[in-house]
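Subject: Model for you to look over

Hello,

Here is the model I promised to pass on. Please open it alongside this note; my findings follow below.

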Amino acid sequence: MREIAADWSADQEVFRHTHWGKAMMWIFLLSDTFIFSCFLTGYMTMRSSAVLPWPNTAEVFALVIAGQKIPLILIAIMTFVLISSSGTMAMAVNFGYRRDRRKTAALMMLTALFGATFVSMQAFEWTKLIEEGVRPWSNPMGAPQFGASFFMITGFHGLHVTCGVILLLVIASKVARGHYDRTGDYSAVEITGLYWHFVDLVWVFIFAFFYLW
């Protein structure tokens with residue numbers, strides 16, 4: 001026990017062949033998985049037991065473009081942007097392994113831009129529904145539980161994306177300044193990538209269960 005305590009207090013790599021920061025990120029993501037699973041399970045239970053009709057998401061989230069009402073167009077663009085950000089983040093990790101400071105920082109900045117774009121579109125989506133009278137406690141389109149579940153699930157995910165954007169900007173700035181070249185350890189880029197890929201994966205489930213069901 002004294003050896004284990006010494007390893008932990010010295011901030012060493014506790015698990016063999018596993019970086020300390022990466023192991024902690026995996027533990028955090030596992031706990032976050034349980035939270036989002038509870039949210040989505042609660043949403044499905046709430047929707048199945050709702051007395052009033054559940055709003056048709058294809059109509060609720062439709063936008064009028066050139067006189068035509070296009071269902072889920074904004075959500076589709078948001079999904080495309082977030083999935084694209086996973087690609088740029090994966091390339092950033094790849095160039096991080098190669099110690100290519102400029103490309104790593106540029107790709108992380110691009111990923112942060114995609115994330116900020118996603119959050120901006122989500123803010124527009126929230127504003128549109130609020131103007132239409134949707135609240136966490138009421139909904140003029142049908143079941144009042146719709147507003148509560150929408151703001152809770154998308155808001156919690158949006159908070160994760162916002163935190164991810166901040167993390168990306170911080171790590172990208174350190175990469176650009178050559179901090180990890182001096183330490184010889186680019187693991188922070190990979191750890192940030194783990195978090196960002198998790199955020200993207202969670203959105204796929206939210207998109208499937210909340211918007212398509």
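What percentage of the 213 residues of the chain count as buried? The figure is 41%. Bear in mind that this is a predicted model.

**Overall layout**

The chain has eight helices and two strands. Read from the N terminus, the order is α-α-α-β-β-α-α-α-α-α. Along the principal axes, the C-alpha atoms fill a box of roughly 60 × 45 × 20 Å. The accessible surface of the chain is about 11500 Å². Carbon and sulfur atoms hold 68% of that surface. Take the contacts in the chain with a separation of 6 or more: 73% of them join residues 24 or more positions apart.

**The core**

The largest nonpolar core has 54 residues. Within this core, the residues with the most contacts are F61, M108, I206, F210 and Y211. Five helices each supply at least two residues of the core: α2, α4 (73–97), α5 (101–131), α6 and α8 (187–211). The largest share, 13 residues, comes from α8. As a general point, nonpolar side chains in soluble globular proteins tend to be buried together.

Look at I206 next. Setting aside its neighbours within four places in sequence, I206 is in contact with F36, L40, I153, H157 and Y211.

Helix α8 is largely enclosed by the rest of the structure, because 18 of its 25 residues are buried. Its length agrees with expectation: at 1.5 Å a residue α8 should span 36 Å, and its end C-alpha atoms are 35 Å apart.

Helix α6 has 32 residues. From first C-alpha to last, α6 reaches 46 Å, close to the 46 Å expected at 1.5 Å a residue. After α6 comes G178, with a positive phi near 85°.

**Aromatic pairs**

The structure holds 24 aromatic pairs. Two of them are described here.

Start with F36 and F156. Their ring centres are 5.1 Å apart and their planes are at 50°. Planes under 30 degrees apart would count as stacked and over 60 as edge-to-face, so this pair is tilted. F36 lies in helix α2 (residues 20–49) and F156 in helix α6 (residues 145–176). The pair therefore ties together parts that are 120 residues apart in sequence. F156 is partly exposed, at 23%.

Now F61 and F150. This aromatic pair is also tilted, with 5.6 Å centre to centre and 40° between the planes. F61 sits in the loop between α3 (57–60) and β1 (63–65), and F150 sits in helix α6. They are 89 residues apart, so the pair links distant parts of the chain. F61 counts as buried, at 5% relative accessibility. F150 is buried too, with a relative accessible area of 0%.

**A charge over a ring**

One further item concerns R47 and W213. The charged end of R47 sits over the ring of W213, 4.6 Å from the ring centre.

Best wishes

Terms used:
Residues numbered from 1 in each chain as written. Predicted model: local features only at pLDDT ≥ 70, side-chain atom pairs only at ≥ 80, totals over all residues. Heavy atoms only, no water. Phe/Tyr/Trp six-rings, centres within 6.5 Å; stacked < 30°, edge-to-face > 60°. Helix = DSSP H or I, 4+ residues; strand = E, 2+ residues; numbered from the N terminus. Buried < 20%, exposed > 50% of the residue type's maximum accessible area, 1.4 Å probe, protein only. Lys NZ or Arg CZ within 6 Å of the ring centre and 35° of its normal. Core = buried A, V, L, I, M, F, W, Y, C linked by side-chain atoms within 4.5 Å. Contact = heavy atoms within 4.5 Å. Areas by Shrake-Rupley, 256 points an atom, 1.4 Å probe, with all protein chains shown as cover. Expected span 1.5 Å × (residues − 1).
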